[in-house]
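Let's walk through this structure together, one region at a time. Keep the sequence and the 3D view side by side as you read.

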Amino acid sequence: MKQIHVVAGVIRDARGRVLLARRTEGRDLSGSWEFPGGKVEPGETPEAGLARELREELGIEATVGAKLIDVPQRYPHKRLRLDVREIASWSGTPRGLDGQALAWVPPRKLADYPMPPADRPVVAALLQPAEYLVTPMPGADGDAWLEGLRATIEAGVRRVQLRAPGIDATRWRALVADAAALCRETGVEALVNGNAQLAREHGLGLHLRADQLPAFEQTMRVPGKLLAASCHDAADLQRAAALGCDFVVLGSVLPTPSHPGIAGMGWDGFAALREDCDLPIYAIGGLDHSDIATARAHGAQGIAAIRGLWANA
Ligand SMILES: Nc1nc2c([nH]c(=O)n2[C@@H]2O[C@H](COP(=O)(O)OP(=O)(O)OP(=O)(O)O)[C@@H](O)[C@H]2O)c(=O)[nH]1
Ligand SMILES: [Mg+2]
């Protein structure tokens, strides 16, 4: 199958809006909106290719900045790597030189524009956190666990999964109530592992374990709240996508002490699974903050971790 490297730019105006272009008739995915860019030509660097595409398609001169995300994606007749860069600065007035419509879109509204599958992880990378904390098991001192959560939030974590497998149910209910209040107070998105009833009671999102995916039904969703899932293979990813999960966690990428004897799928294994799925995916398994750039280079939203993100570790 044909493998193509496409480089596209996130171009922002002074008001922070992002430029989208609409694919013209007669091309693949026509009518869908995309980040301006195109195929890198043989012998060309991605930066030079993107600057050239923006000159040809929009008539602007651009300086290519930091990498946002690299999304490996499989389409019916080709395998794509969508390599997305921030545009550090640009000059001129963008015009649709190929006859394509243009739109300046506030980031919050990006999801309203139909885009190709490879762009869904790109939009998620622009809007959603790169880190997803999974709480460690509370020790005897529940207050210390809550303090750990507070410190982790103060350190910058904005999305949290409350998880404590095997804990006494009454004790967990009380800890979840306190943790939910703390997350609400600090504006942090919180999901609870596995327990739809607890999620409902506290207005939390729900994070499904992989073994819960086959029997889970839409009617069990918490209305208006996030739904996420832990995935280990292609079948899990397919089930999570069919359920309409907002995002998933996929691993283990590296071997971890919590799953001794299980080899990780590695970054190449992660990227291969990501090719057939358009969900935002956090990589998990032996990772911490320092792995975010590597994760993004393999199409991940970022990293999920217990010890790797816990402030009091
Ligand atoms: N520029 C751009 N292309 C994207 C995005 N998302 C996405 O899937 N693509 C795909 O990446 C490829 C972009 O290549 P292109 O615009 O240079 O070329 P094309 O295949 O339309 O050109 P062609 O018809 O001349 O072969 C297309 O297959 C397009 O569907 C995106 O956000 N921006
Ligand atoms: Mg193009």
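A word on the annotations before we use them: UniProt positions are given in the numbering used here, feature names are shortened, and annotations may be inferred rather than shown by experiment. With that in mind, an unreviewed UniProt entry gives the annotation "binding site" to R23, E34, F35, P36 and G37. The model itself is predicted, and local features need pLDDT of at least 70, side-chain atom pairs count only at pLDDT 80 or more, while totals for chains, interfaces and linings use all residues. Residues are numbered from 1 along each chain as its sequence is written, and chains are lettered from A and ligands numbered from 1 in the order in which they are written.

Let's begin with the overall layout. The protein is divided into domain 1 (2–117) and domain 2 (131–305), with bounds that come from an automatic or database domain assignment. Taken over C-alpha atoms, the centres of domain 1 and domain 2 are separated by 31 Å. Where they meet, 9 residues of domain 1 are in contact with 8 residues of domain 2; contact here asks that two C-beta atoms, placed from the backbone, lie within 7 Å. On the domain 1 side, strand 5 (residues 61–75) provides the largest share, 7 residues. Helices (H or I, at least four residues) and strands (E, at least two) are DSSP runs, numbered from the N terminus. By class, that side of domain 1 has 4 nonpolar, 1 polar and 4 charged residues. For these classes, Ala, Val, Leu, Ile, Met, Phe, Trp, Tyr, Cys and Pro count as nonpolar, Asp, Glu, Lys and Arg as charged, and the others, Gly among them, as polar.

Now turn to ligand 1. The shell around ligand 1 holds 15 residues, the closest being A8, E34, G37, G38 and P116; to be near, a residue needs its C-beta atom, placed from the backbone, within 6 Å of the molecule. Strand 1 (2–10), strand 4 (37–39) and strand 6 (78–91) each supply at least two residues of this shell, and strand 4 gives the most, with 3 residues. Sorted by class, the shell has 8 nonpolar, 2 polar and 5 charged residues.

E34 sits in strand 3 and counts as buried because 21 C-beta neighbours lie inside 10 Å. The cut-offs are these: a residue is buried if 20 or more other C-beta atoms lie within 10 Å of its own, exposed if 12 or fewer, and partly exposed in between, with C-beta atoms placed from the backbone. Leaving aside neighbours within four places in sequence, E34 is in contact with A8, L20, A21, R23, M115, P116 and D119. G37, in strand 4, is buried too, with 25 other C-beta atoms within 10 Å. Beyond four places in sequence, G37 is in contact with V6, V7, A8, G9, L50 and E53.

E57 belongs to helix 1 (residues 46–58) and is partly exposed, because 19 C-beta neighbours lie inside 10 Å.

What lies in the interior? The largest nonpolar core has 82 residues, and those with the most contacts inside it are V248, Y282, A283 and I284. Such a core is a set of buried Ala, Val, Leu, Ile, Met, Phe, Trp, Tyr and Cys residues joined through C-beta atoms within 7 Å. Helix 4 (residues 169–186) contributes the largest share of this core, 6 residues, and at least three residues come from each of domain 1 and domain 2. Not counting residues up to four places away in sequence, A283 touches L250, G251, V253, F270, A295, A300 and I303.

A last stop is the peptide bond from G251 to S252, which is cis, with omega near 5°. S252 lies in the loop between strand 13 (247–251) and helix 7 (266–274). For context, most peptide bonds are trans.
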